[in-house]
Amino acid sequence: MAYRTVVMYMEIGCFVLCVSGWILVCSTMPTEIWTWSEVGSIVLTTSNYFSNLWKDCISDSTGVSDCKGIPSMLALNWDIHMCRALIIIAIILSFFGSILVLVGMKCTKIGGTEIVNARVTFAGGMNYLIGGMSSMVAFSYYGNKIRAEFQDPSYVAQKFEIGVGVFVGWGGSTLLVVGGLIYSIFAGREGCQSSPKRLQVYQFPAAYTAVPSRKSIVSIPPTERSRRTGITSIDSSGSGSSSGSGSRVSSMSGTTTSSKTTASFEYV
């Protein structure tokens, strides 16, 4: 299977993962059970107290429930405001991350070149990652606050337990973080690998490249230089030996001629 096909299927899977996490985080906003507490009374009825970031509710065993919104924004503690802001930021970033990923994915073919698509997908993955981290911080802080108050023996007010909204938020935040991280790794690596190819246009032409001279010693490798030096020495020694052999041959021919002449005189 080609690398492009693998990346395309990976992007589709991460998109489904991140959209599911975004839906889960959005569903925690209207969920009323972030904290809950069950209180028994003298009679057979039982009262259930539950709340979220926006309102407090109470219900009994008969099924009748009543909710009251928080009347004052300024009367809230700073941690409630922080959790609200982080979750809203996470929802907005995830929404724009979905748009960027839809534009930059390979299967949609909405963007431009491969480099532009990779960078747009990387931006969408970073939006998912930052949004998931923001919502994770909000849900983790809220859940840890409930746990600390429940286990504190000096806390005299009514104690609550962690509700279903916090657990759903943890699951959605995890999906956003995982999907955004995979998008950022693959799209970022593809964008970085494609960037140097565009820089080849700005290289210097071949006419301005410095070419070393043939007479330069630096241009000849050490092994080649030693090889050439050895051949020169062999040639010089060979020429000397050949000249010496020539002189010996001439002297031997002269001796043979003189001996033949002497023999002819003696015969006469």
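Buried means under 20% relative accessible area, exposed means over 50%, and partly exposed is anything in between (1.4 Å probe, protein chains only). What you're looking at is a predicted model, where local features need pLDDT of at least 70 and side-chain atom pairs count only at pLDDT 80 or more, while totals for chains, interfaces and linings use all residues. Residues are numbered from 1 along each chain as its sequence is written, and side-chain values use heavy atoms, with hydrogens and water left out.

**View 1. The chain from end to end.** Here we have 5 helices and 5 strands, where helices (H or I, at least four residues) and strands (E, at least two) are DSSP runs numbered from the N terminus. Follow the sequence and you'll read α-β-β-β-β-α-α-β-α-α.

**View 2. Helix 2 alongside helix 3.** Two packed helices are described by the angle between their axes and the distance between the axes. For helix 2 (residues 78–104) and helix 3 (residues 114–151), that's an angle of about 160° and axes 7 Å apart. So helix 2 is roughly antiparallel to helix 3. (Axes are lines fitted to C-alpha atoms, for helices over the stretch in contact, and angles run from 0 to 180 degrees between N-to-C directions; under 35 degrees counts as roughly parallel, over 145 as roughly antiparallel, 65 to 115 as roughly perpendicular and the rest as oblique.)

**View 3. A salt bridge between D79 and K145.** A salt bridge is a side-chain nitrogen of Lys or Arg within 4 Å of a carboxyl oxygen of Asp or Glu, and the count here is 2. In this one, the D79 and K145 side chains meet at 2.7 Å, N to O. D79 sits in helix 2 and K145 in helix 3, so the pair ties together parts 66 residues apart in sequence. D79 is buried, because its relative accessible area is 6%, while K145 is partly exposed at 22%.

**View 4. A salt bridge between K55 and E32.** These two side chains come together at 3.2 Å, N to O. K55 belongs to strand 3, and E32 to the loop between helix 1 (3–27) and strand 1 (35–40), with 23 residues separating them. K55 is partly exposed because its relative accessibility is 26%.

**View 5. W54 in its loop.** Look for W54 in the loop between strand 2 (46–51) and strand 3 (55–60). Is W54 buried or partly exposed? With 32% relative accessibility, W54 counts as partly exposed.
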